[in-house]
Amino acid sequence: MDNVITIEAFGDNYFYLFVYDQTSAVAVDCGDCRGILKVLKSRNLRLDAVLITHHHYDHAAGSKKLKKKTGCKIISPDQKRIAQTDQLVADGDILDFGTEKIRVIATPGHTASSVCYYVAPSGANTGGMLFTGDTLFIGGCGRIFECGAKTMWQSLSSLADLPDNTQVYPGHDYTQENYQFALTIDPETEPPKMPSTMAYEKRSNIFLRSDDPEIKKALKMPGVGPDEIFGTLRSKKDRF
Ligand SMILES: [Fe+2]
(Lines give C-alpha, C1' and ligand atoms only; values in the text may rest on other atoms or scores of the structure.)
Protein backbone atom coordinates (compact mmCIF):
# COMPACT_ATOMS: atom_id res chain seq x y z
CA MET A 1 0.00 0.00 0.00
CA ASP A 2 1.35 3.43 -0.76
CA ASN A 3 0.09 4.70 2.59
CA VAL A 4 2.45 2.36 4.42
CA ILE A 5 6.11 3.37 4.67
CA THR A 6 8.60 0.67 5.65
CA ILE A 7 11.57 1.67 7.80
CA GLU A 8 14.49 -0.73 8.07
CA ALA A 9 16.72 -1.01 11.13
CA PHE A 10 19.28 -3.33 12.75
CA GLY A 11 19.83 -5.26 9.52
CA ASP A 12 16.51 -7.13 9.35
CA ASN A 13 13.93 -5.28 11.49
CA TYR A 14 11.00 -3.48 9.93
CA PHE A 15 9.10 -0.61 11.53
CA TYR A 16 6.18 0.96 9.69
CA LEU A 17 4.42 4.27 9.32
CA PHE A 18 0.77 4.04 8.39
CA VAL A 19 -0.24 7.41 6.92
CA TYR A 20 -3.95 7.73 7.47
CA ASP A 21 -4.64 11.17 6.14
CA GLN A 22 -2.51 13.76 4.36
CA THR A 23 -0.63 14.81 7.49
CA SER A 24 -1.03 12.19 10.22
CA ALA A 25 0.63 8.86 10.81
CA VAL A 26 0.78 5.97 13.25
CA ALA A 27 4.00 4.00 13.74
CA VAL A 28 4.14 0.27 14.32
CA ASP A 29 7.09 -0.82 16.50
CA CYS A 30 10.11 1.28 17.25
CA GLY A 31 13.34 -0.37 18.32
CA ASP A 32 15.18 2.78 17.28
CA CYS A 33 13.47 6.06 16.46
CA ARG A 34 15.97 7.62 14.08
CA GLY A 35 14.58 6.21 10.83
CA ILE A 36 11.01 7.04 11.82
CA LEU A 37 11.91 10.63 12.77
CA LYS A 38 13.69 11.09 9.45
CA VAL A 39 10.62 10.04 7.44
CA LEU A 40 8.25 12.14 9.58
CA LYS A 41 10.40 15.17 8.90
CA SER A 42 10.90 14.59 5.18
CA ARG A 43 7.18 13.96 4.61
CA ASN A 44 6.05 16.61 7.06
CA LEU A 45 3.90 14.14 9.01
CA ARG A 46 2.51 14.38 12.51
CA LEU A 47 2.86 11.19 14.57
CA ASP A 48 -0.18 10.39 16.71
CA ALA A 49 0.83 7.10 18.25
CA VAL A 50 3.25 4.20 18.16
CA LEU A 51 1.69 0.74 18.35
CA ILE A 52 4.02 -1.84 19.86
CA THR A 53 3.57 -5.53 19.03
CA HIS A 54 5.65 -6.96 21.91
CA HIS A 55 8.22 -6.00 24.51
CA HIS A 56 11.45 -7.16 22.82
CA TYR A 57 13.96 -4.31 22.65
CA ASP A 58 14.23 -4.34 18.86
CA HIS A 59 10.48 -3.53 18.69
CA ALA A 60 9.97 -1.30 21.73
CA ALA A 61 13.20 0.31 22.95
CA GLY A 62 13.03 3.44 20.78
CA SER A 63 9.46 4.37 21.67
CA LYS A 64 10.29 6.47 24.73
CA LYS A 65 12.58 8.73 22.72
CA LEU A 66 10.08 8.79 19.86
CA LYS A 67 7.45 10.08 22.28
CA LYS A 68 9.84 12.71 23.64
CA LYS A 69 10.58 13.96 20.12
CA THR A 70 7.05 13.86 18.71
CA GLY A 71 4.59 13.84 21.63
CA CYS A 72 3.05 10.62 20.31
CA LYS A 73 1.12 8.22 22.51
CA ILE A 74 2.67 4.81 23.26
CA ILE A 75 0.17 1.98 22.85
CA SER A 76 1.11 -1.57 23.85
CA PRO A 77 -0.25 -4.86 25.21
CA ASP A 78 2.18 -5.06 28.13
CA GLN A 79 2.45 -2.33 30.77
CA LYS A 80 4.74 -4.44 32.96
CA ARG A 81 7.42 -4.98 30.38
CA ILE A 82 6.88 -1.79 28.34
CA ALA A 83 6.87 0.67 31.23
CA GLN A 84 6.48 3.71 28.98
CA THR A 85 3.02 2.51 27.83
CA ASP A 86 0.35 5.26 27.83
CA GLN A 87 -2.51 3.08 26.65
CA LEU A 88 -2.76 -0.62 27.34
CA VAL A 89 -4.60 -2.70 24.74
CA ALA A 90 -6.08 -6.19 24.70
CA ASP A 91 -7.65 -8.57 22.19
CA GLY A 92 -10.58 -7.06 20.31
CA ASP A 93 -9.87 -3.44 21.18
CA ILE A 94 -10.55 -1.01 18.34
CA LEU A 95 -8.29 2.01 17.97
CA ASP A 96 -9.67 4.98 16.02
CA PHE A 97 -7.39 7.20 13.98
CA GLY A 98 -9.39 9.65 11.90
CA THR A 99 -11.80 7.45 9.98
CA GLU A 100 -9.48 4.42 10.21
CA LYS A 101 -10.12 1.58 12.59
CA ILE A 102 -7.31 -0.62 13.88
CA ARG A 103 -8.20 -3.85 15.65
CA VAL A 104 -5.95 -5.46 18.24
CA ILE A 105 -5.58 -9.22 17.81
CA ALA A 106 -3.94 -11.11 20.69
CA THR A 107 -1.38 -13.57 19.32
CA PRO A 108 0.39 -15.24 22.24
CA GLY A 109 3.25 -17.55 21.33
CA HIS A 110 6.42 -15.64 20.51
CA THR A 111 5.77 -13.83 23.80
CA ALA A 112 2.78 -14.29 26.09
CA SER A 113 1.53 -10.74 25.47
CA SER A 114 2.27 -10.34 21.72
CA VAL A 115 -0.40 -8.71 19.60
CA CYS A 116 -0.92 -7.96 15.92
CA TYR A 117 -2.63 -4.83 14.60
CA TYR A 118 -5.22 -5.12 11.83
CA VAL A 119 -6.23 -2.06 9.83
CA ALA A 120 -9.71 -2.76 8.49
CA PRO A 121 -10.45 -1.96 4.82
CA SER A 122 -11.69 1.58 4.28
CA GLY A 123 -11.84 4.18 1.52
CA ALA A 124 -8.90 3.67 -0.84
CA ASN A 125 -7.78 0.51 0.98
CA THR A 126 -9.86 -2.29 -0.49
CA GLY A 127 -7.88 -4.86 1.48
CA GLY A 128 -7.01 -4.67 5.15
CA MET A 129 -3.47 -4.50 6.46
CA LEU A 130 -1.95 -6.65 9.17
CA PHE A 131 1.13 -5.70 11.18
CA THR A 132 2.41 -8.95 12.60
CA GLY A 133 5.50 -8.16 14.71
CA ASP A 134 7.33 -11.44 15.38
CA THR A 135 4.24 -13.66 15.09
CA LEU A 136 3.95 -14.15 11.32
CA PHE A 137 6.75 -13.56 8.81
CA ILE A 138 6.72 -13.85 5.05
CA GLY A 139 7.07 -17.60 4.62
CA GLY A 140 7.62 -18.15 8.34
CA CYS A 141 6.71 -17.40 11.92
CA GLY A 142 8.41 -16.25 15.12
CA ARG A 143 10.14 -18.49 17.61
CA ILE A 144 8.05 -19.70 20.51
CA PHE A 145 9.53 -18.26 23.68
CA GLU A 146 6.77 -18.01 26.28
CA CYS A 147 3.92 -20.35 25.25
CA GLY A 148 3.38 -23.80 23.81
CA ALA A 149 3.20 -24.75 20.13
CA LYS A 150 -0.57 -25.19 20.43
CA THR A 151 -1.04 -21.59 21.58
CA MET A 152 1.16 -20.24 18.78
CA TRP A 153 -0.71 -22.37 16.24
CA GLN A 154 -4.03 -20.97 17.49
CA SER A 155 -2.65 -17.43 17.16
CA LEU A 156 -1.50 -18.05 13.60
CA SER A 157 -4.84 -19.68 12.77
CA SER A 158 -6.71 -16.59 13.95
CA LEU A 159 -4.60 -14.48 11.60
CA ALA A 160 -5.23 -16.91 8.74
CA ASP A 161 -8.97 -16.31 9.26
CA LEU A 162 -8.59 -12.68 8.15
CA PRO A 163 -9.69 -11.87 4.59
CA ASP A 164 -7.53 -13.33 1.80
CA ASN A 165 -6.59 -9.92 0.41
CA THR A 166 -5.13 -8.70 3.73
CA GLN A 167 -1.62 -7.32 3.18
CA VAL A 168 0.95 -8.74 5.59
CA TYR A 169 3.60 -6.48 7.15
CA PRO A 170 6.06 -8.48 9.30
CA GLY A 171 8.51 -7.24 11.94
CA HIS A 172 11.55 -8.83 10.30
CA ASP A 173 12.82 -9.85 6.92
CA TYR A 174 13.65 -13.54 7.35
CA THR A 175 12.10 -14.32 3.99
CA GLN A 176 14.97 -16.11 2.21
CA GLU A 177 15.90 -18.17 5.26
CA ASN A 178 12.25 -19.22 5.68
CA TYR A 179 12.06 -20.25 2.03
CA GLN A 180 15.28 -22.30 2.28
CA PHE A 181 13.80 -24.12 5.27
CA ALA A 182 10.42 -24.68 3.59
CA LEU A 183 12.12 -26.29 0.59
CA THR A 184 13.60 -28.97 2.88
CA ILE A 185 10.04 -29.97 3.86
CA ASP A 186 8.25 -29.41 0.55
CA PRO A 187 10.49 -28.99 -2.52
CA GLU A 188 7.44 -27.64 -4.39
CA THR A 189 6.97 -24.72 -1.96
CA GLU A 190 6.01 -21.54 -3.80
CA PRO A 191 8.67 -18.81 -3.56
CA PRO A 192 7.94 -15.96 -1.16
CA LYS A 193 6.95 -12.55 -2.42
CA MET A 194 6.92 -9.10 -0.88
CA PRO A 195 4.53 -7.54 -0.25
CA SER A 196 2.49 -10.61 0.53
CA THR A 197 -1.17 -11.28 1.22
CA MET A 198 -2.86 -13.68 3.61
CA ALA A 199 -4.03 -15.78 0.65
CA TYR A 200 -0.45 -16.16 -0.56
CA GLU A 201 0.85 -16.93 2.93
CA LYS A 202 -1.78 -19.65 3.40
CA ARG A 203 -0.51 -21.22 0.17
CA SER A 204 3.24 -20.72 0.56
CA ASN A 205 4.03 -20.36 4.28
CA ILE A 206 5.03 -23.83 5.46
CA PHE A 207 3.87 -23.10 9.04
CA LEU A 208 0.40 -22.02 7.95
CA ARG A 209 0.21 -25.31 6.02
CA SER A 210 0.35 -27.38 9.23
CA ASP A 211 -3.11 -28.78 8.44
CA ASP A 212 -2.18 -29.58 4.81
CA PRO A 213 -2.18 -33.37 4.14
CA GLU A 214 0.86 -32.91 1.85
CA ILE A 215 2.90 -31.58 4.77
CA LYS A 216 1.73 -34.37 7.08
CA LYS A 217 2.83 -36.83 4.41
CA ALA A 218 6.20 -35.12 3.98
CA LEU A 219 6.79 -35.35 7.74
CA LYS A 220 5.53 -38.94 7.81
CA MET A 221 2.98 -37.94 10.44
CA PRO A 222 -0.36 -38.98 8.96
CA GLY A 223 -3.37 -38.58 11.24
CA VAL A 224 -1.58 -36.06 13.47
CA GLY A 225 -3.31 -32.79 14.41
CA PRO A 226 -2.16 -29.43 13.01
CA ASP A 227 -0.87 -28.11 16.34
CA GLU A 228 1.50 -31.04 16.68
CA ILE A 229 2.58 -30.73 13.03
CA PHE A 230 3.17 -27.05 13.64
CA GLY A 231 5.26 -27.83 16.75
CA THR A 232 7.36 -30.29 14.75
CA LEU A 233 7.94 -27.75 11.97
CA ARG A 234 8.87 -25.06 14.48
CA SER A 235 11.42 -27.31 16.26
CA LYS A 236 12.93 -28.30 12.91
CA LYS A 237 13.23 -24.64 11.98
CA ASP A 238 14.86 -23.83 15.35
CA ARG A 239 17.58 -26.33 14.48
CA PHE A 240 17.85 -25.37 10.79
FE1 LIG B 1 10.62 -10.57 19.21
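Predicted model: local features only at pLDDT ≥ 70, side-chain atom pairs only at ≥ 80, totals over all residues.
Which side chain does K237 meet in a salt bridge?

1. The partner is E177: its side chain and that of K237 form a salt bridge, 2.6 Å from N to O. K237 sits in helix α8 and E177 in helix α5 (residues 175-185), so the pair ties together parts 60 residues apart in sequence. K237 counts as buried because its relative accessibility is 8%, under the 20% cut-off. E177, at 41%, is partly exposed.

2. D238 is partly exposed at 35% relative accessible area, and R143 is partly exposed at 39%.

3. D238 also forms a salt bridge with R234, at 2.7 Å between the closest N and O atoms. Both residues lie in helix α8, 4 residues apart, or about one turn of the helix. R234 is buried, with a relative accessible area of 4%. The structure holds 13 salt bridges.

4. Now the metal. The iron ion is coordinated by H54 (NE2), H56 (ND1), H110 (NE2) and D134 (OD), at 2.1 to 2.3 Å. Along the sequence these donor residues follow the spacing H-x1-H-x53-H-x23-D. Both H54 and H56 are buried.

5. Why is the arrangement around the iron ion irregular? Because the 4 donor atoms subtend angles of 87 to 174 degrees.

Methods:
Residues numbered from 1 in each chain as written. Heavy atoms only, no water. Donors = N, O, S within 2.8 Å, 3.2 Å for Na, K, Ca; no water. Tetrahedral: all angles 85-135°; square planar, octahedral: opposite > 155°, others 65-115°. Buried < 20%, exposed > 50% of the residue type's maximum accessible area, 1.4 Å probe, protein only. Salt bridge = Lys/Arg side-chain N within 4 Å of Asp/Glu carboxyl O. Helix = DSSP H or I, 4+ residues; strand = E, 2+ residues; numbered from the N terminus.
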